[in-house]
Amino acid sequence: MIRVEKLVKRFGDVTAVDNISFEVPRGEIFAFLGPNGAGKTTTIKMLTTLLQPTSGSLELDGLDPTVNRDEVRKRFGVVFQDPSLDQDLTAWENMEIHGVLYGVPRKERRERATSLLQLFELWERRDALVKTFSGGMRRRLEIARGLLHTPKVLFLDEPTLGLDPQSRNQMWTHVKSLNETDQVTVFLTTHYMDEADRVAQRIAVIDHGRIVAIGSSAELKAQTNTDSLEGAFLALTGTSIRDESANSADSMRQIARMWRK
Amino acid sequence: MTVIYILWLREVKKYLRSRTQIIASLGSPIMYLGILGFGLGPIFQKAGEGSYLQFMAPGVIGMTILFTSMFSGIALLWDRQFGFLKETLVAPVPRLWIMIGRTLGGATVAILQGSLIFVACFVAGFRPVSVTVIPFAFLFMALIAVVFAALGTVIGSSLKDMQGFQLVMNFLVMPIFFLSGALYPLTNLPKVLALLTRIDPLTYGVDGMRTVLTGVTHFGAGVDAIVLACVAITLLMAGAWRFSKIEI
């Protein structure tokens, strides 16, 4: 369903994604694990047509996201790592816009929006502006919205960040059932090892833009001689903390980039 | 079509919800109208040019539309900052539709805001030559709104963050306003100024409105309309092109 070959993405002299290759078959739940700044989000952005790769090839359902953009966009749904709601609109309006953008017929759109808002316990607040929502509620709305249309591939970029255990449980149950009943391929990233362990059939560990290991949770544990996924992860990526924050040179570059050529 | 409609609706809804913003943005045009209009009125009259209020009202309406539509185009930056832009960019619809929906929404908001100032001008004593010319005035208002909403989109898609916004306001929007002949007649200007006013699209918008509303003209309404339509089409194409190139 997803095929990535020798993918490279450079921003100036920083290589965010460094020659990675992997494949995700139809109907699989595939997890991408890695420390901050490892290149997970950049990979997702390239697969979801938001960024152009520097080199390498991509394929989603047999189509190239850099060429057949609109066709590819019809096939996936995505929940981004950072917020992408319109805060000046209500929860319901955010759902409506999403449904229209994805061409979900009106009747189905309303039914699904209703049941998803109920599932994520936002139904009572459907007519409140999103800016009045708490962080957790926004996150839930974001997920509900991502599930409004039925995509072939669902990208979840750290979807459970800042969610309470109840909502996390709710969400993964729903995602798993989508995966089982509709054969939706799921591509997820997370920092919670237990989640990856529980839902993902295969896991790729990425660090400094390279894939350092790929396989099932059991395989990763066996490969590193550890008894938990967390242990395997630390064995593979080391224990030093990654610095993702911008230094002064980066912010200078940012200003220079303000007016793109 | 529904995509364009829903994105248009989004802009209009957000506008109608922000009461404080509506009132705040009425402040500066009313100040121009009240203070400059009445303050410079006597001198204008002495120079034999007639009523200054009558002269500048179309300019102030034009200014309101300029500010509102530019602002709504540049609001793309907010969408980028708050993330909503991503939601529209991964949607399986041509980016051209997204850009058109946004731009028409922004233009509609600007026309609404311009209409409010129109009413304010009327209250202050501005009188169009007849009621029948008002639809033509709205045609020019719409042209101005589309031109600058599209220009705003071009800029909004090119800027990466909010820091550039002030730059655009000071070095683009204000000159466009001051060079448009909104506040002074275009006759007998120094050469450089005359040239600059002629490359400012708002000049033609203000002149067009002034022509239909008061009967005083510089280029003639036909020329004004053609120039504005050409600029609008060019900027819409530029906007669509810039918008299609956005990467996040």
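**Figure 1. Confidence along chain A of the predicted model.** This model is predicted. Among the elements of chain A, helix H10 (residues 248-258) of chain A has the lowest mean pLDDT, 54. Helix H3 (residues 91-101) of chain A has the highest, 94. For chain A as a whole, the mean pLDDT is 87. A pLDDT of 70 or more is reached by 93% of the residues of chain A.

**Figure 2. The open sheet of chain A.** Three strands of chain A make up this open sheet. Their order is S2-S1-S4, and the pairing is antiparallel. Strand S2 (14-24) and strand S4 (55-60) of chain A are the edge strands. Each of these two pairs on one side only. From one strand to the next, the twist averages 20 degrees.

**Figure 3. Strands S1 and S2 of chain A.** Strand S1 (residues 2-11) of chain A is joined to S2(A) by eight bridges. The two strands run antiparallel. Phe11(A) stands opposite Val14(A), a residue in S2(A).

**Figure 4. A helix on the sheet of chain A.** Helix H1 (residues 40-47) of chain A packs on the sheet. This helix touches S1, S2 and S4 of chain A. The direction of H1(A) makes about 115 degrees with that of S1(A).

**Figure 5. Chain B, built from helices.** Chain B has twelve helices and zero strands. Read along the sequence, the pattern of chain B is α-α-α-α-α-α-α-α-α-α-α-α. The C-alpha atoms of chain B fill a box of roughly 60 × 40 × 35 Å along the principal axes. The radius of gyration of chain B is 18 Å, which agrees with a compact globule, because 248 residues packed that way would have a value near 18 Å.

**Figure 6. Burial and contacts within chain B.** Of the 248 residues of chain B, 48% count as buried. Take the contacts in chain B between residues at least 6 apart in sequence: 83% of them join residues at least 24 apart.

**Figure 7. Where chain B meets chain A.** Here 26 residues of chain B are in contact with 28 residues of chain A. On the chain B side, helix H1 (2-17), helix H6 (84-89) and helix H9 (163-178) of chain B each supply at least two residues. H1(B) gives the largest share of that side, six residues. By class, the side of chain B that touches chain A has twelve nonpolar, eight charged and six polar residues.

Methods
Residues are numbered from 1 along each chain as its sequence is written. Chains are lettered from A and ligands numbered from 1 in the order in which they are written. This is a predicted model: local features need pLDDT of at least 70, side-chain atom pairs count only at pLDDT 80 or more; totals for chains, interfaces and linings use all residues. pLDDT is the predictor's confidence in each residue, from 0 to 100. Helices (H or I, at least four residues) and strands (E, at least two) are DSSP runs, numbered from the N terminus. The radius of gyration is taken over C-alpha atoms; the globule rule is 2.2 Å times the number of residues to the power 0.38. A residue is buried if 20 or more other C-beta atoms lie within 10 Å of its own, exposed if 12 or fewer, and partly exposed in between; C-beta atoms are placed from the backbone. Two residues are in contact if their C-beta atoms, placed from the backbone, lie within 7 Å. Ala, Val, Leu, Ile, Met, Phe, Trp, Tyr, Cys and Pro count as nonpolar, Asp, Glu, Lys and Arg as charged, and the others, Gly among them, as polar. Two strands pair if DSSP finds at least two bridges between them. Axes are lines fitted to C-alpha atoms, for helices over the stretch in contact, and angles run from 0 to 180 degrees between N-to-C directions.
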